[in-house]
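Okay, let's get going. Have a look at the model on the screen, and then I'll talk about the holes and the packing.

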Amino acid sequence: MRFRLLGPVEVRAGEDWQGIGAPKWRSVLAALLINAGQIVPVDVLINEVWGDTPPAKAGNLISIYVLRLRRLLGDTDSSLLMTRAPGYLLRLAPGDIDAQVFETLLREGGRAYADGDPERAAAQLAEALALWHGSPLADVPATTLVETEAERLAELRLDAAELRIKAELACGSHAQVIPEVRRLLADHPLREGLWLMLMQALDGAGRHAEALDAYGQARSVIAEELGVDPGAELRQFYAHLLAEDEERASDTGGAPGSISAGTVAPSSGPPRSVPVPAEAVRPRSVPAQLPADVADFTGRNDQVKHLCDVLTNAGPDADPGAVRIALVAGSGGLGKTSLAVHGAHRVRGSFPDGQLYVDLLGATPQPLPAADVLARFLRDLGLDGRDIPADEDERAARYRTVLAGRRMLVVLDNARDAAQVRPLLPGTASCAVLVTTRSRMPDLASTRLVDLDVLDDDEALTLFTRIVGDERAAAEPEATAELLLACAGLPLAIRICAARLATRSGWTIRTMANRLRDEHRRLDELRAGDLAVRASFQVSFASLPASAQPDGIAPADAFRMLGLWHGPSISSAAAAALFGTTEDLAGDALEALVDARLLESRSPDRYKFHDLLRVYSSERAVADLSAQARDVAIGRLLRWYMRTADAAATAHVPHRVNIPLDPVGGDPPPLSFATAEERWPGTTTRAPTWSPPPARRPSRASTTSPGGCPLRCTLSSTAAATGQTASRPVVSPWTARGARGAVRARRGF
């Protein structure tokens, strides 16, 4: 099987199942799976995703979702999820969907029961029911198509459960089925067949009185809900029980219980009043220093609302006595300044005494000193230059005094760290401060963080079409989807591509998408005028600090060496092997890169790059590290993986035939496994598997080990320890030209 519908929608990834993260992707995939083997028009998919209120560029968004699903399914040649006018077709083999397998087993079980073989029927029906892991299509947004299919599958599940119970009763398993029948009746109290089987099971288990009482319960429920008596089959079996032993008939009444309703006590005390500062006399010149708002600002609705609430003290956690400080943090190219300026313009009416703005140049080698910024702000606020103190602390005190009581917004753009920001904070709650930075500044107190991430698909497409126009995007939906995926949701990259297309009327979107296909030229293409993705990354890279430990690895060196690794993620233990240091020191360098927004960490000790940062890191590795240094680092990592895999295999099969490995020497130690259960979390029975490589052309800049094996070899001995996504050891892909190098590399481990 490759797909699951009998519960949350899932796809098979290697040996494991994984869900579909985005609800809209799930809707598209569910519609295609429900209509597997049939062409599903784009209009139908649009209706499944948005109903009666589709966006203007719905067709383009469907193309993006389809392209993302193809990548998720590994459908590189579109042979599985095919484009067929007027929509798409999902071509599957029999048994690829769990619902198909379930229905096949249900039919076979029914035939076996009809043929007088209840044991085989019970086994097949139990196998069919074991495929279920929840309500059908549980995580797919409800539509007519989804609800109809879910109801059909749920009805078949109930039919299968009833038939299995009948088969079990025919096999004499009366007592064993009673709990399951009661559970089914709790959900389906009007199902007379279930009441009949409960009575038969109770009577067969020697619980005659309970069987008679069950009929009374059935009659009461059916009469109360439908106003009729039970059906003929149920009445006949009840009469049969009475005829067997009339004197053992018992009362069927039972006073129904009652549930008393509780009340919610009103909150005590009057609402807290919020003091409003008295109006201060406005200065003669009101500073209005905000840059112009971005005309094509797109998306970020939740972040904009949160920002405005913080700045205007309108949020649920507002504190009327504290200076409001909103912190917009994110890596280069995410649009922090655009968001801050857009939000500041939205709330500037709440700050009639003016708005101060400064670019602190925090991401450059020479950030602005706070003392210089204070001097400028004091002049802007009307203070004579001769009256500005020389000392920074005195300037900060005068600055707070001048701002006291004034309703002003201070925008500190591109801040380096908390030390640069603190002297520029007002001292009274009448003012608000908006800071943008590439650091989350955990040491800056009383902030409300707006942590930016890449744009989602809808926002990315909206930004793109606002610049190039809806008509061009609608004319080339597949090319638009491919281009936006190459930009990986980075607003700067999307804006650059759209700007280049807007100024080149002779280019199609396919032209730009093709130019982005070679990832080793991708950053060269993502440049327009003074906008460049590479330059944005370079600013963060150049400002990386030195190692905090004398014997530690510099974060910049760690960033370079991570460019040699092409797996989906890496653990701190594997990174230590790549760097040639201890895991603690490697973790310090990795966390420094996370703080600098050059690396992501979504779970403890797991790290990954944004797609475009991975390309930049690979560039830095080739440009800054010698070939020998690259080979040495790669060798360390591959030897570490080999030894970790060897330790996991030994834990799994202690008495296997071992191929002797060379001594560890000065390499970081591999992971160890005290028990067999530690080797692959969550698995206990399967041995390691070898995944054959997909045919692919080695990229021009693929880094190779001394034996000629590309570093795209992804050996993940244990998912938890190495940071890979596979849950069992997998080596893939070894390219054809690297086969001989693989043998050499194995000898060298």
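So, how many cavities of 30 Å³ or more does the structure hold? It holds four. Before the details: this is a predicted model, where local features need pLDDT of at least 70 and side-chain atom pairs count only at pLDDT 80 or more, while totals for chains, interfaces and linings use all residues. Residues are numbered from 1 along each chain as its sequence is written, and side-chain values use heavy atoms, with hydrogens and water left out.

A cavity here is a set of points on a 1 Å grid over the protein atoms alone where a 1.4 Å probe fits but cannot get out, and lining residues have an atom within 4 Å of a point. Volume is the space filled by probe spheres set on the points. The largest cavity comes to about 60 Å³. Its lining includes Leu 562, Trp 565, Tyr 607, Lys 608 and Arg 614, and overall splits into six nonpolar, two polar and two charged residues.

Now the packing. A nonpolar core is a set of buried Ala, Val, Leu, Ile, Met, Phe, Trp, Tyr and Cys residues joined through side-chain atoms within 4.5 Å, and buried means under 20% relative accessible area with a 1.4 Å probe, protein chains only. The largest core has 168 residues, and Ile 62, Phe 102, Leu 483, Val 533 and Phe 579 touch the most other members. Apart from it there's another core, of 32 residues, with Leu 383 and Val 435 among them.

Take Leu 483: leaving out residues up to four places away in sequence, it touches Phe 464, Cys 497, Leu 501, Ile 509, Met 512, Ala 513 and Leu 516, a contact being heavy atoms within 4.5 Å.

How values were computed:
1 Å grid on protein atoms, 1.4 Å probe; cavity = no way out; pocket = protein on both sides within 12 Å on 5 of 7 lines; lining within 4 Å. Nonpolar A, V, L, I, M, F, W, Y, C, P; charged D, E, K, R; others polar. Buried < 20%, exposed > 50% of the residue type's maximum accessible area, 1.4 Å probe, protein only.
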